[in-house]
Each structure stands twice: as C-alpha cells, then as structure tokens.
Amino acid sequence: MEEIILAQTGHGEEAEHAVEAVNGAAAEAAHGAAGHGDVFEFSQLFHHMEDTVLLQLPSFSIGSLTIDLSITKLVLMMILSGGITLLAFGALARKIRGGAAPRGILANLTEALFDFVNRDMIIGMMGEKAGRQFAPYFTSLFFFILFANLIGLIPFMGTATSNIAVTASLAVLTFFITQVSAVRVQGIVPYMKHHVPPGMPIFLIPIMVPIEILGHFIKPFALTIRLFANMTGGHVVILSVIGMLFLFKSLMLAPLVVGFVLFIDFLELLVAFIQAYVFVLLSILFVNAAIQPEH
Amino acid sequence: MDLGFLGAGVGAGLAVIGAGIGIGRLAASALESMGRQPEAMGDLRANMIISAALIEGVAFFALVICIMLALKS
C-alpha cells in the first residue's frame, strides 16, 4: 500500500523508477530519521503509519516457531488504550461497588457512553440474561477499540487498529466466543445439525454445508478487514492530500490542503466511534445468533 | 507500463461506485422512514449502520483485492 501512494511522488516518470527511487528514499529516511539534509521528504511523513521497535526483547523459539515479544510502537499504543480503559472504568466500578453514587467529571463522562454500550447495544440486542453474561467482554472490547482508534488521531502516536494483526486477533476472539458459546448452549450434535436446515433437497447438501461452514470463517475475516481498512484508509487519504503539497511544490495550495486535512480529521473522529460501534455490534449479532438460534 | 496498476485502479473505482449506490439507497430509504416515523428513529439508526457496515465490508473485500493486484504487478 505504501508503494502505491509513494509512487505518486514521481513526476510522471516510469512508475517502476519512481517506486525504486522513493523506496530508496524511504529506506534512507528510516535510517537517518529527519536528520539528513534540510529537504523534508514526503516519505518521512510515513512515520505515522510505520511500526518501529521501541524496546528490543530477546526472542525465543518453540520448535520452529520464533516468538519475538518486543515492545513496538503499536504494542505501546495497545497497552495505553487497555490501560485507559482499565483506569477509567476500574475507578468507576470501585466507586459504585462501594455504594457511592457515581459523581465527578470522569464518572459523568464515562457513564453516558458506558450506559449506551451496556443498555442499548448489549442488553438491547441480547436480552437481559445473556446480555449480563456477555456484557464485560463486549464493553471492554468496545472501549479498547474506541481508545485505540482515538489515540491514533493524536500526532506522533500510532493507530494500533490500523495493523491487520491487531484487528485479526480481536476478530479471532469473537470467532472463538461465538463457536464455544454455540456448542455450550446448543450441544455439539444439534449445533452440527444446524448446518443442514430441515427440508433441504438432498442434492443441495454438498453445496450448502461447505458454504455454511465457510460462513463461520468469513464473518470474522470481514470484521478484520473492515476495521483495518477503515482505520488505514483515513490515514492514507490524509497522507495523499498532504502529498499534493510535495507534488506541486507550491505554498498557494497550503490553505486548501490544510482545510481538507482538517475536514478528514473530523471525519476520522466520527469513524473512530462508528467503527468501534460496528465491530462490537456485529460481534454481538454473531454471538447472539449462536446462543439463540431460534431468533 | 504494467496493466496491473490500471486493473487495480479501475477495479477500485468500480467497487466504490457499487458501495456508493448501495449506501446511498440505504440512507435514502432510512431517512424517509425516519421522517415518516420519528419515534422509531433509534431502531432504524442501529439497523441502518449494520447494513451500511455490511455493504462497506463487501466493498472493502474488492478494495483489498485491488491492493493485492497493485502490489503484485
């Protein structure tokens, strides 16, 4: 993806040449950071999209698998968003458990959002009983994604959710919860029987059963791609618009570019909320379909 | 020049046209329903966002294929 955008910096030369040249510049920028020369290269803007290792930890291997748990920028952002979630709601939960009414700026700020997620999304969709059972997971998921998205909008920070590995692991969690709760609630044999709806013509079974099974894997894949593409897309649009300044080398364009970038930034703010909402809502729908198959 | 880039660009454009038509129609009818029945607004909004996300998901599948095409060529 980087190559596509970077190729725009070539002034109509052969695309391959431009890509090579720009790749070289990117490698240089990665090595020398912003320190070399006084010319600011467009590729340096990509520090926002890149993941850099902050703290190298020794990697260890199990069999042929090498595991490297180094703290990179995005790992730090994930820890940060998880920590904010814990801090904001841990304090609130302790207060309420102690019997005190939630008061103060933090409580008022978080309570409205918390209430929306809990009452409207989870209990509204799943019903009182199942909703209470799954509320802790989905609430944490919502606020983790929301804070990860919002942290990405702060300059010099990174968007953890614009890494496909992060979104994929979140979707895998949803996948396992869906399958495990489906087997636990329905039992393994009725759950397997569900893949063959009653009254289906016999010649359709070899076609329909693989499609049904494939559907289980496509759902979390769609969740992965949706969150990843939305969070990456916004940044790429902003970088492309800023790239126009470097392409035309004209300051006259600056007000237009800055205005448009500001507009996209506000759109990103909206998208951060909507995508957290959509990810959690679709997860709730999948789990709900698994535990209440008659609905 | 490689035709792969052209294919990726045209494909991305077509995918976006499809998603645009889909979400446009969805929003139009959702807004009309909200206008006719404002008391059902919350319910309609949730369902509208779910449908929009599903349409968007299909468009993203197409875009991912285009990106893969562009990176391959």
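Start with chain A as a whole. Chain A exposes about 16,900 Å², and carbon and sulfur atoms supply 71% of that area. Keep in mind throughout that this is a predicted model.

**Stop 1: chain A, coloured by secondary structure**

Stay on chain A and switch to a cartoon view. You will find nine helices and four strands. Trace the chain from the N terminus: the order is α-α-β-β-β-β-α-α-α-α-α-α-α. Now colour by burial. Of the 295 residues in chain A, 38% count as buried. Next, turn to contacts within this chain. Take those between residues at least 6 apart in sequence: 66% of them join residues at least 24 apart.

**Stop 2: A:Ser70, among the strands**

Select A:Ser70. This serine sits in the loop of chain A between strand S3 (65–67) and strand S4 (71–72). Is A:Ser70 buried or exposed? A:Ser70 counts as buried, because its relative accessibility is 8% and the cut-off for buried is under 20%.

Show side chains here. The side chain of A:Ser70 makes a polar contact with the side chain of A:Asp68, at 2.7 Å. Setting aside residues up to four places away in sequence, A:Ser70 touches A:Val53, A:Leu55, A:Gln56, A:Leu57 and A:Val75.

**Stop 3: helix H4 and A:Arg119**

Move on to helix H4 of chain A, residues 105–126, and select A:Arg119 within it. The side chains of A:Asp115 and A:Arg119 meet in a salt bridge, 3.4 Å from N to O. Look at the spacing along the helix: the two residues are four apart in helix H4, so about one helical turn separates A:Asp115 from A:Arg119.

How accessible are the two partners? A:Asp115 is partly exposed, with a relative accessible area of 33%. A:Arg119 counts as exposed, at 53% relative accessibility.

A:Ala135 and A:Arg119 are 16 residues apart along the chain, and their C-alpha atoms are separated by 9.4 Å.

**Stop 4: helix H5 and A:Arg132**

Select helix H5 of chain A, residues 128–151, which holds both A:Glu128 and A:Arg132. These two form a salt bridge, with the closest N and O atoms 3.1 Å apart. They are four residues apart, about one turn of the helix. A:Arg132 is exposed, at 56% relative accessible area. A:Glu128 counts as partly exposed, at 47%.

**Stop 5: A:Asn288, in helix H9**

Jump to helix H9 of chain A, residues 254–291, and select A:Asn288. At 11% relative accessibility, A:Asn288 counts as buried. What does its side chain reach? The side chain of A:Asn288 reaches the backbone oxygen of A:Met125, at 3.1 Å. Leave aside neighbours within four places in sequence, and A:Asn288 is in contact with A:Met125 and A:Met126.

**Stop 6: chain B, helix H1**

Switch to chain B. Select helix H1, residues 3–36, and pick out B:Glu32 and B:Arg36. Their side chains meet in a salt bridge, 3.3 Å from N to O. The two residues lie four apart, about one turn of the helix. B:Glu32 is partly exposed, with a relative accessible area of 46%. B:Arg36 counts as exposed, at 68%. Over all chains, the structure holds three salt bridges.

**Stop 7: where chain B meets chain A**

Show both chains and select the contact residues. How many residues does each chain bring? The contact takes 14 residues from chain B and 17 residues from chain A. Between them, the chains bury about 1,400 Å², with 82% of it on carbon and sulfur atoms. On the chain B side, highlight B:Ile50, B:Phe60 and B:Phe61. These three lose the most area to chain A, together 34% of what that side buries.

Now colour the chain B side by residue class. The side of chain B that touches chain A has 12 nonpolar residues, one polar and one charged. Which links cross the interface? The count of salt bridges between chain B and chain A is zero. Two residue pairs are in polar contact across the interface, both at pLDDT 80 or more.

Terms used:
Residues numbered from 1 in each chain as written. Chains lettered and ligands numbered in written order. Predicted model: local features only at pLDDT ≥ 70, side-chain atom pairs only at ≥ 80, totals over all residues. Heavy atoms only, no water. Contact = heavy atoms within 4.5 Å. Buried area = accessible area lost by both parts, 1.4 Å probe. Salt bridge = Lys/Arg side-chain N within 4 Å of Asp/Glu carboxyl O. Polar contact = N/O pair within 3.5 Å; in protein donor to acceptor, adjacent residues only side chain to side chain. Nonpolar A, V, L, I, M, F, W, Y, C, P; charged D, E, K, R; others polar. Buried < 20%, exposed > 50% of the residue type's maximum accessible area, 1.4 Å probe, protein only. Areas by Shrake-Rupley, 256 points an atom, 1.4 Å probe, with all protein chains shown as cover.
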